[in-house]
Amino acid sequence: MNEPLDDTLSPELLSWVTSANKPDTDFPIQNLPFGRFHTSEDSAWRIGVAIGQYVLDLRKAGLIGHGDMNRLMQATPAERLALRQAISAGLRQGSAQRDLFEAALLPQTAVTLGLPCEVGDYSDFYIGIHHATEVGRQFRPDSPLLPNYKWVPIGYHGRVSTLQVSGSSFHRPMGQVKTPEASEPVLQPSARLDFELELGIFVGQPNRMGMPIPIEQAEQHVFGLTLFNDWSARDLQAWEYQPLGPFLAKSFASTVSPWMVTMDALKPFRRPFVRPEGDPDPLPYLDSADNRAQGAIDIEMEVVLQTASMAQQGHAGDVIARSNFAQAAYWTVGQLLAHHSVNGCALRPGDLLGSGTLSGPTKEQYGSMLELTTGGKHPLTLSNGETRTFLENGDTIILRAYCQREGVRRIGFGECRGTVLPALSQA
Ligand code: MN
C-alpha cells in the first residue's frame, strides 16, 4: 500500500484524441475502462477501451490477439497493468504508435455497446447501511436494522438471464400483489416499480472451489466496477420476501453500464475505511490493515429521472438523488469478495456482484423511490410539475458516477440508462 501511482495516472497526461482532453469527459487517458462492442457490419463482440468520444479496438491496435473479454479478465494484476500501460503509451500525445491506434478508433456513437462481458453468476449485496435502515424502518418499524447487519455482508443470488446493457428497456413486471386491505393477493402489473442506485463489481481472476479468497488478496480478483440499476417491484417484494428473500420482485430486469472502470484507474480515489464509533470490529477474515487504510473508494453518484413528456420536449431530466459510495457503503469491495468465497464458493471471471442500494443519510441522497417518497407517501414534484411516487410507464432512469479530487484527473463511469415499458398485459 501507499506505493507511488504509476504514470498512467499522471494528471498532466494528454491524448492525441482531443475529446479525451476535455475537462468534463468521463473518459480521459487516465481512465481507460474496458467494454465490449460490435459494428453494424460484424456482429462478433470485440474488446474496446473508451477514450474521449471514441472506442479503441484493442485487437486492431495490436494489443491483444482475441476478442474474449472473460479471458482477458483472468489476467494477473501485473498483466493488467502492463496492458494498461501499453494502451496509455499508444494514446499519449506524441506517441509513435498513433497511426496504428488511430486506425483502430471508432466513434462510440457508431458502435453497439454490449454487456461488458459474459456474466456467469450474479449476486446482489445490501451494503448501503442508510438504505438498509430506511427500508427496514418501512418494512419493520420495530427493528429497522437486523442484528446480523454489522457482522455479515447480507446478499442473495440473482439472475443473469435478465441483465441488460444501458440503453435497454423492459416491460413492467406482472406479479402477485396483496395490499394490506385485501384478504387475498391478485396477479397484476406492479404498481410500485422502483430503481436501485448500485455499483457492479466484476470478478476477474477466479478462485478454486473450496479455496476462500483472503481479504489481503481480494482486490486482485476484481477486474473493475460499473454502474448497476437493480430494478425492483416493491409490491411484489413486500408480499414474497419472507422467509427466503428477494425473488420475482428483482429478477425481471437489471441494467448494467457498458464500461468497466478498473481498480488501477480508481487508485487515486481510495480512502480510509472507518466504521462508526461503537460499532463492532469485523471478524478477522473481513479485516486487514490495508482494508482499513484504503478500503473505501470515493465515487460520486447521481440519479436522473426523465419522464416520457420530458423526453418528448427534449428535456434531459431531473437529478433526483446524489450519493457517494464511500459514505454509503458499510462494507468494502475487498470484504465482499472475502465474504462471498469464505465458504468455498468459486467466483469466476465475469461474475457480477451488486453493491446494494447506495443511499446516503439524507433525503437528497436516497437511491430509490421507496426512500425518496417514503414508500409512496410523499410524492416527488419534478421541475415540469409532474409528480411521482413510483415509476410510471415511459420513465427513464439514468445513473451516472464520477471520481474527482484535487490534483488528480477526473474520471467517469459513463451512464446506465433504462426505460420502463407498459406491462405486456397493458401493451
Ligand atoms: Mn439491489
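Reply: Happy to. This is a predicted model. The largest cavity holds about 40 Å³ of space.

Me: Why is this space called a cavity?
Reply: Because a 1.4 Å probe fits there but cannot get out. A search of the whole structure finds 1 cavity of 30 Å³ or more.

Me: What makes Phe 273 a lining residue of the largest cavity?
Reply: Lining requires an atom within 4 Å of a cavity point. Phe 273 is on the list, and so are Gly 295, Ala 296, Ile 297, Phe 325, Ala 326, Ala 329, Trp 331 and Thr 332. Strand S19 (296-297) and helix H8 (325-328) are the elements that each give two or more residues to this lining.

Me: How do you know how the lining divides into nonpolar, polar and charged?
Reply: The lining has 7 nonpolar residues, 2 polar and no charged.

Me: Which order do the strands take, and why are S9 and S21 called edge strands?
Reply: The 5 strands run S9-S26-S25-S20-S21 in an open sheet with mixed pairing. Strand S9 (168-171) and strand S21 (318-324) each pair on one side only, so they are the edges. Neighbouring strands of this sheet are turned by 20° against each other on average, direction ignored.

Terms used
Residues numbered from 1 in each chain as written. Predicted model: local features only at pLDDT ≥ 70, side-chain atom pairs only at ≥ 80, totals over all residues. Heavy atoms only, no water. Pairing = 2+ DSSP bridges. Helix = DSSP H or I, 4+ residues; strand = E, 2+ residues; numbered from the N terminus. Axes fitted to C-alpha atoms, helices over the stretch in contact; angles between N-to-C directions. 1 Å grid on protein atoms, 1.4 Å probe; cavity = no way out; pocket = protein on both sides within 12 Å on 5 of 7 lines; lining within 4 Å. Points joined across faces, edges and corners; volume = space filled by probe spheres on them. Nonpolar A, V, L, I, M, F, W, Y, C, P; charged D, E, K, R; others polar.
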